[in-house]
Amino acid sequence: MGIFEDLYIKMRDGIYKVGDKTGKLLNISKIKIEMAEKKNLIFEKYKLIGKYVYDMYNNDEKFEFEDIMDWLEEIKNLKLSMKECERRLHRAQDKLFCSYCNHKNESDAIFCGKCGKRISFSGNKEKSNDPENSESSEEVENEKENNAE
Ligand SMILES: [Zn+2]
């Protein structure tokens, strides 16, 4: 209990900014882990399909796309959600832009690599860039990309 009370007091006293930064970094790591997991799942499906097709060949059986349609659909959906993860990752990483000089910093940077100011995650950039509009147009463009594939 003592630790939490101590933490609460620190947060209340304004050290919460560090917590906010950590939260953003955790978010980025979480998305990266999610993407790695999805990538693994896609490879698992590829392996299943490969094994299935080989067995068909080996047993001299006739191969139909219908037989592996479930796996194919799953891969397609996983790839789509990978794209969504990428978008979320880019959005999370956009928050790493320095609010003073707009320099893009590494995800673990505490001070801006260009102007040396402490990186603030208060979201100044969001306000100036009107994310509602830019985000939705980006969304639309990505949908077009997906459809074109
Ligand atoms: Zn800067």
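Asp60 sits in the loop between α1 and α2. This is a predicted model, and in it Asp60 has a positive phi of about 60°, although Asp60 is not a glycine. Most residues other than glycine have a negative phi. Is Asp60 buried or exposed? Asp60 is exposed, because 6 other C-beta atoms lie within 10 Å, and the cut-off for exposed is 12 or fewer.

Asn102 also deserves attention. Asn102 belongs to the loop between α2 and α3, and its phi is positive, about 75°, although Asn102 is not a glycine. With 14 other C-beta atoms within 10 Å, Asn102 is partly exposed.

Let us turn to a helix residue. Lys38 is part of helix α1, which covers residues 2–58. Which residues does Lys38 touch, leaving aside those up to four places away in sequence? They are Leu78, Ser81, Met82 and Cys85. The C-alpha atom of Lys38 is also 9.3 Å from that of Ile75, although the two residues are 37 apart along the chain. Lys38 counts as partly exposed because it has 17 C-beta neighbours inside 10 Å.

Finally, I come to confidence. The protein chain has an average pLDDT of 74, and 62% of the residues score at least 70. Confidence is highest in helix α2 (residues 69–94), at a mean of 91, and lowest in helix α3 (residues 124–129), at 40. Over residues 122–149 the pLDDT is below 50, and this stretch has eleven contacts in the model beyond near neighbours in sequence. Where pLDDT is low, the predicted coordinates should not be read in detail.

Key
Residues are numbered from 1 along each chain as its sequence is written. This is a predicted model: local features need pLDDT of at least 70, side-chain atom pairs count only at pLDDT 80 or more; totals for chains, interfaces and linings use all residues. Helices (H or I, at least four residues) and strands (E, at least two) are DSSP runs, numbered from the N terminus. A residue is buried if 20 or more other C-beta atoms lie within 10 Å of its own, exposed if 12 or fewer, and partly exposed in between; C-beta atoms are placed from the backbone. Two residues are in contact if their C-beta atoms, placed from the backbone, lie within 7 Å. pLDDT is the predictor's confidence in each residue, from 0 to 100.
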